[in-house]
Structures are given as C-alpha cells and as structure tokens.
Amino acid sequence: MYKFSLGNFISESNQLLENVEIAYHIFGELAPEKKVIWVCHALTANSDAQDWWPNFIGENLTLDTEKYTIVCANILGSCYGTSFQKQEKLPLITIRDMVKLHQELAKFLQISEIELLLGGSLGGMQSLEWAIAEPDFIKKLFVIATNAKHSAWGIAFNEAQRMALELGENGIDAARAIAMLSYRNYDTFEATQTDEEEKLENYKAASYQRHQGEKLRKRFSKESYFMLSKAMDSHHLGRGRNSVENALSQITAETLVIGIDSDILFPVSEQKFIAEHIHNAKLEVISSLYGHDGFLIETDKISSLLKKHFNL
C-alpha cells in the first residue's frame, strides 16, 4: 500500500478537511507504455482489490497485471488508510468528494487517461460520477449493481443501520446484520442457512447474522460506516446538472452495465435506467443466487462479459 499526502481539501458541503492522505494500491508496473485500469471499491472494502476481488486481478487473469497497470484507491471516509485530521463532528462526505480525491491521485501518478474504469455498488457510483466529471479521461466504463441516484429503499436501509450504530459499542454488529438482509435475499438464506434438523434455538441463520456482525466490528470503524453510508445516500448524478438523464448523457466512454437478477438493493431496473441514458451503452443481466453480493462472488460470469465487450 502506498500513501499520497494531498494536504487540505474543501468538500462539496464546504467543509475543510485538513492533512488529507490517500492510501492506494498499484498492481503491475506503472509505466508509460501500459494502459491503466482503475478499480473503485465499495462500502467496507479497501484499496487492496486483489483481496476482495480474488481470481480477477493478477497475472493472466481478467484484469491482467502483465498487460495493464491496475490502480485502486481507498475512499475518503474509510478507515483503511485514507485519512484527514480528526474533527469533533463527522464531516458530510459525498461521492463527488471521493472522486475529486481520485482525480488528484491520478494527477500525482501522472496518468494521462484511464483505459477502463470500473466498480460495483458504491464503487459504481464513483465510476459513473468520474465518467461524467472527466468524459475525455475515461475511455471505457464498467459498472455493476449500482444506480444513478440512490433510492429511498437504499436510504432507508442505510438509516436503519445508522440507528443501530447509535445504540452503542456493538451497534455495528446490528448494522451489519441489517445490511446482510439487503445484500442477500430470501432464496440466498433459504439455500445456505436453513437448518437440516428440527430445533428450538441456535439456528444457522441467526448465528450467521451474529458472525457477520462480529467480523465487521473487528475490521471496520463505526465512524467510517456512518460517513460512508451517508455518502451513499448523497449519490445523485443529476445534482447541479439539470437532471440525472442529462448527466448520464454526458458520458462518452464505451460503457457496459451489469445488473444481477436477484439484487433487491440495486434492482435491475436501476441498471437498465443507466444503460438507457448513456449513448450506446450495453446492458447485461447475470443470474445469481447471491443477490447484491453477486458483484463480488460471480467473477467468472463478470469476467466472461468483460472479455466479450471490451476484448481484455
């Protein structure tokens, strides 16, 4: 992991963030002759994209580090290396703030263009925002399981999680358990967490929820969870751009949009909307048992579609 010291930064909400430092990973050699692929990560992930997208990034894999330079930067508000001077009150961070930091890092790394920009969920939000902000800089764009404006349904899930965070030290456990219900779905839990024997307590589904909550508490901060969920709520590509449709029409990158048929948090209708308003964008829908989490799990299906559309 590398660090880039940006200095002071004024957020979209006009708040001063002092001593901003950006954490990032580079996979493969950063050289003028190699094209750059930039990966934007999701809510509780980090800049080590090989860790959370295994068998996808590396030598002779879909995102081939012999052929391309792969960059992934940790997002503003995360507890995985990107930081700013602590404040008494948590600042309001937006997706646009995250993208502005990506842009500053790209300048520091002397990247002249991005061959492929990609991300899922909150990573997809960043990718869309960046493709609108700098259309000539992004040549190809891939987003999966994301939207152009965060839904009332998604905001409600996030607010329920923040309510849990406010309950105390272990509130993050409950917040993560709430999130898991949106990341998966009825069929996922029935297929993977159903008890084979009859019992009166200690159900697999219950222990799974507690396990997921405990895992996140050990690796993530409730402050970051709070800030990043608020940032996700702020996502609105049309803010200050007349409309969401007008904003999407400004994207000139060759675009592939993928939806997941079982995703209840970012339903396929949201990806269809994105593809309909980006010129010549292609929409693909993959089938998955795993709901929204399919964007992390279904790497074989995703790889096949990326190779088909972008000839990676």
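## Residue classes and basis

Ala, Val, Leu, Ile, Met, Phe, Trp, Tyr, Cys and Pro count as nonpolar, Asp, Glu, Lys and Arg as charged, and the others, Gly among them, as polar. The residues that line the largest pocket divide on this basis into 16 nonpolar, 10 polar and 6 charged.

The model is predicted: local features need pLDDT of at least 70, side-chain atom pairs count only at pLDDT 80 or more, and totals for chains, interfaces and linings use all residues. Residues are numbered from 1 along each chain as its sequence is written, and side-chain values use heavy atoms, with hydrogens and water left out.

## Pockets

A pocket is an open set of points on a 1 Å grid over the protein atoms alone, where a 1.4 Å probe fits, with protein on both sides within 12 Å along at least five of seven lines; lining residues have an atom within 4 Å of a point. Grid points are joined across faces, edges and corners, and a volume is the space filled by probe spheres set on the points. The largest pocket has a volume of about 740 Å³. Its lining holds 32 residues, and T44, R176, R219, D293 and L296 are the closest to the centre. Two or more lining residues come from each of α1 (49-52), α4 (152-165), α5 (171-183), α7 (204-219) and α11 (294-297). Helices (H or I, at least four residues) and strands (E, at least two) are DSSP runs, numbered from the N terminus.

For the second largest pocket the volume is about 300 Å³. Its lining has 16 residues, with F84, K86, L90, E223 and M227 nearest the centre. By class, 5 of these lining residues are nonpolar, 8 polar and 3 charged.

Helix α4 has 14 residues and spans 20 Å from first to last C-alpha, close to the expected 20 Å; the expected span is 1.5 Å times one less than the number of residues. Buried means under 20% relative accessible area, exposed over 50%, and partly exposed in between (1.4 Å probe, protein chains only). In α4 the buried residues are G154, F157, N158, Q161, R162, A164 and L165. They sit on the same side of α4 because they cover an arc of only 155° around the axis, the arc being that of the directions from the helix axis to the C-beta atoms. These residues pack against α5 and α8 (222-234), where contact means heavy atoms within 4.5 Å.

Helix α7, with 16 residues, reaches 23 Å, close to the 22 Å expected. Its buried residues are Y208, Q209, Q212, G213 and L216. The exposed residues R210 and K218 are on the face turned away from the buried side. A206 is also in α7 and is partly exposed at 41% relative accessibility. Its C-alpha lies 9.6 Å from that of A177, at a sequence separation of 29 residues.

## Strand residue I138

I138 belongs to strand β8 (residues 138-144) and is buried at 2% relative accessibility. Neighbours within four places in sequence aside, I138 contacts I114, L117, W130, A131 and A253.

## Positive phi

Most residues other than glycine have a negative phi. N55, in the loop between α1 and β4 (57-58), has a positive phi of about 60° and is exposed at 62% relative accessible area. N242, in the loop between α8 and α9 (244-249), has a positive phi of about 75° and is exposed at 76%.
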